[in-house]
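Here are my notes on the model, point by point. Please read them with the structure open beside you.

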Amino acid sequence: HILNAPYVWLPLALIFFFGLFDFRRWRRVAHLDLLFLLGFGVSQLYFNRGEIGVSAPLAYIPLIYLFARMLWIGFRGRGTGLRPSAPVVWLVVAIVFLFGFRVALNVADSAVIDVGYAGVIGADRIQHGDAIYGELAFPEDNSHGDTYGPVNYAAYVPFELALPWSGHWDDLPAAHAATIFFDLAAIVGLFLLGKQLLRGRRGRDLGVVLAFAWTAFPYTDFVMQSNSNDGLVAALLIWGLVAFASLGWRAVLLALAAGAKFTPLFLVPLYVTGYRGLAGRCILRRPERPASTKWERITALRLPSSLATRILYFGVVFASVCALLLVYPAVKPGLAATWERTIQSQLDRTSPFSIWGQLTWLQPLQTLLLLATVAGAAALALVPRRRTLAQVCALSAAVIIATELTLEHWFYLYIPWFFGMAIAAIAVDASEPARRAVVVSRRERVSKPPSRRIGLATSPR
């Protein structure tokens with residue numbers, strides 16, 4: 001609706017860019033990152049004109065750039081940081097104003113697309129004990145709405161209880177309320193993530209910067225005005241980073257994010273190893289006698305038992321949450337039908353909103369990139385050997401962007417999936433003294449290690 005009007009979109013983009021701009025050091029690479037984040041607008045300009053043959057290829061330019069930048073920050077840990085010239089107090093005022101503006105637009109002038117409508121329908125079916133998957137589960141005006149994970153429908157239940165569905169595709173107040181809540185959860189999560197990234201007042205100020213970036217960024221507002229479920233995925237991923245120091249909680253939150261939409265599953269190798277890759281944990285066990293057989297030579301290099309315990313603990317928690325999420329679909333209509341309506345339907349889907357859907361002869365390249373994405377995500381269990389929380393944010397964003405590059409159906413609503421992680425990685429200056437980013441929980445360690453062993457970013461002093 002009105003969000004697409006140039007007199008609304010362009011001021012938002014300018015507020016986002018200049019609100020985060022450092023006029024004293026205008027040559028920062030982070031400013032270029034901001035421009036590429038806004039660069040999706042060039043693609044969307046053609047999309048709004050109906051020229052998807054131009055809009056789809058243009059979207060890959062900022063995606064590829066941001067993927068490369070996230071890998072650079074993730075492996076090198078050399079973010080230049082964002083140091084807005086605007087005082088923090090001004091940013092706080094802007095956050096309040098912009099959030100109020102977003103909510104006002106949502107209530108007065110926004111539509112609920114089929115994605116948000118599906119969440120309300122699924123919530124209503126859960127309340128009545130009906131199946132949320134199956135050919136006859138959803139009404140004809142949204143017959144393919146049962147393609148998402150069970151978390152998506154469960155998340156709408158409280159809002160559907162408060163604002164019941166009429167049975168028709170009307171204003172759907174429950175979808176509006178859910179979208180506003182997901183957006184607020186992302187804003188609060190980013191503020192707390194800033195406090196996790198840096199110490200004391202610097203961390204609080206960074207949290208304000210991240211919250212401002214979210215409220216000013218046009219594409220997070222795009223989700224708000226579409227009333228889609230993509231804000232839920234973004235919020236869960238942000239909170240997974242907030243709770244990253246806790247092995248159990250990050251397993252729970254990652255499972256919930258994957259239970260809404262399945263892309264976060266690619267983050268499992270990174271999340272299971274945490275702040276140090278497996279390559280940084282390997283120790284050489286010195287045998288009492290030289291290894292004489294091939295098997296003894298292989299097993300001479302083994303991992304500490306505590307690491308095996310942590311991997312097992314993460315796996316048990318993650319698998320338990322996933323199993324609980326599948327209990328209801330397993331009863332009605334069964335796991336086979338659930339697989340067919342969700343994963344299988346996504347694999348079989350065709351869409352003109354990507355180069356893969358427009359140019360079918362590129363499918364071998366798409367398959368190759370998908371395999372490379374799986375291999376790259378798995379490699380993050382090994383490298384880099386030491387990671388700060390900012391590097392984890394960057395690597396997480398890189399994984400999500402890589403998966404989006406291979407999607408058959410890509411849309412601008414998917415940008416917020418990685419935006420919270422990406423802006424956190426961009427905003428942190430590598431020269432800043434980091435907060436003790438790893439407040440290691442008892443489940444995360446057996447004995448208290450020195451700070452140098454958990455990948456802390458330190459001051460150059």
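1. Disulfides first. A disulfide here is a pair of cysteine sulfur atoms within 2.5 Å. By this rule the count is 0 disulfides. In general, the term stands for a covalent bond between the sulfur atoms of two cysteines. Cys393 is buried, at 0% relative accessibility. Cys322 is partly exposed, with a relative accessible area of 23%. The cut-offs: buried is under 20% relative accessible area, exposed is over 50%, and partly exposed is in between, using a 1.4 Å probe and protein chains only.

2. Ground rules. This is a predicted model, in which local features need pLDDT of at least 70 and side-chain atom pairs count only at pLDDT 80 or more, while totals for chains, interfaces and linings use all residues. Residues are numbered from 1 along each chain as its sequence is written, and side-chain values use heavy atoms, with hydrogens and water left out.

3. H9 and H12. Helices (H or I, at least four residues) are DSSP runs, numbered from the N terminus. Helix H9 covers residues 173-197 and helix H12 covers residues 230-242. They pack at an angle of about 20°, with their axes 8 Å apart. That makes H9 roughly parallel to H12. Axes are lines fitted to C-alpha atoms, for helices over the stretch in contact, and angles run from 0 to 180 degrees between N-to-C directions. Angles under 35 degrees count as roughly parallel, over 145 as roughly antiparallel, 65 to 115 as roughly perpendicular, and the rest as oblique. H9 passes H12 in a left-handed crossing. Left-handed means that the near helix is turned anticlockwise from the far one by less than a right angle.

4. What lines the H9 and H12 contact? On the H9 side, the residues include Phe182, Val188, Leu192 and Leu193. On the H12 side, they include Leu232, Ile238, Trp239 and Val242. Contact means heavy atoms within 4.5 Å. By class, this contact has 13 nonpolar, 3 polar and no charged residues. The classes: Ala, Val, Leu, Ile, Met, Phe, Trp, Tyr, Cys and Pro count as nonpolar, Asp, Glu, Lys and Arg as charged, and the others, Gly among them, as polar.

5. H11 and H22. Helix H11 (residues 218-226) packs against helix H22 (residues 415-427) at an angle of about 140°. Their axes are 9 Å apart. The two helices are therefore oblique to each other. The crossing of H11 and H22 is left-handed. Tyr219, Thr220 and Val223 of H11 meet Ile415, Pro416 and Phe419 of H22. This contact of H11 with H22 has 5 nonpolar, 1 polar and no charged residues.

6. H2 and H22. How do these two helices lie? The axes of helix H2 (residues 29-38) and H22 come within 10 Å and cross at roughly 165°. That makes H2 roughly antiparallel to H22. The crossing of H2 and H22 is left-handed. H2 supplies Ala30, Asp33, Leu34 and Leu37, and H22 supplies Phe419, Ile423 and Ile426. By class, there are 6 nonpolar, no polar and 1 charged residues. Note Phe419 of H22: it meets H11 residues and also takes part in the contact with H2.

7. Backbone points to check. Most residues other than glycine have a negative phi, and most peptide bonds are trans. Leu172 has phi near 50°, a positive value in a residue other than glycine. Leu172 sits in the loop between helix H8 (157-162) and H9. Leu172 is buried, at 2% relative accessibility. Asn227 has a positive phi near 55°. Asn227 lies in the loop between H11 and H12. Asn227 is buried, with a relative accessible area of 0%.

8. Cis peptides. A cis peptide bond joins Lys332 and Pro333, with omega about 5°. Pro333 is in the loop between helix H17 (327-331) and helix H18 (335-347). A cis peptide bond also joins Val383 and Pro384, with omega about -5°. Pro384 is in the loop between helix H20 (363-379) and helix H21 (389-405).

9. Gly145: buried or exposed? Gly145 is buried, at 2% relative accessibility. Gly145 lies in the loop between helix H6 (114-127) and helix H7 (150-155). Leaving aside neighbours within four places in sequence, Gly145 contacts Ala118, Phe138 and Tyr153. The C-alpha atoms of Gly145 and Val115 are separated by 6.8 Å, although these residues are 30 residues apart along the chain.
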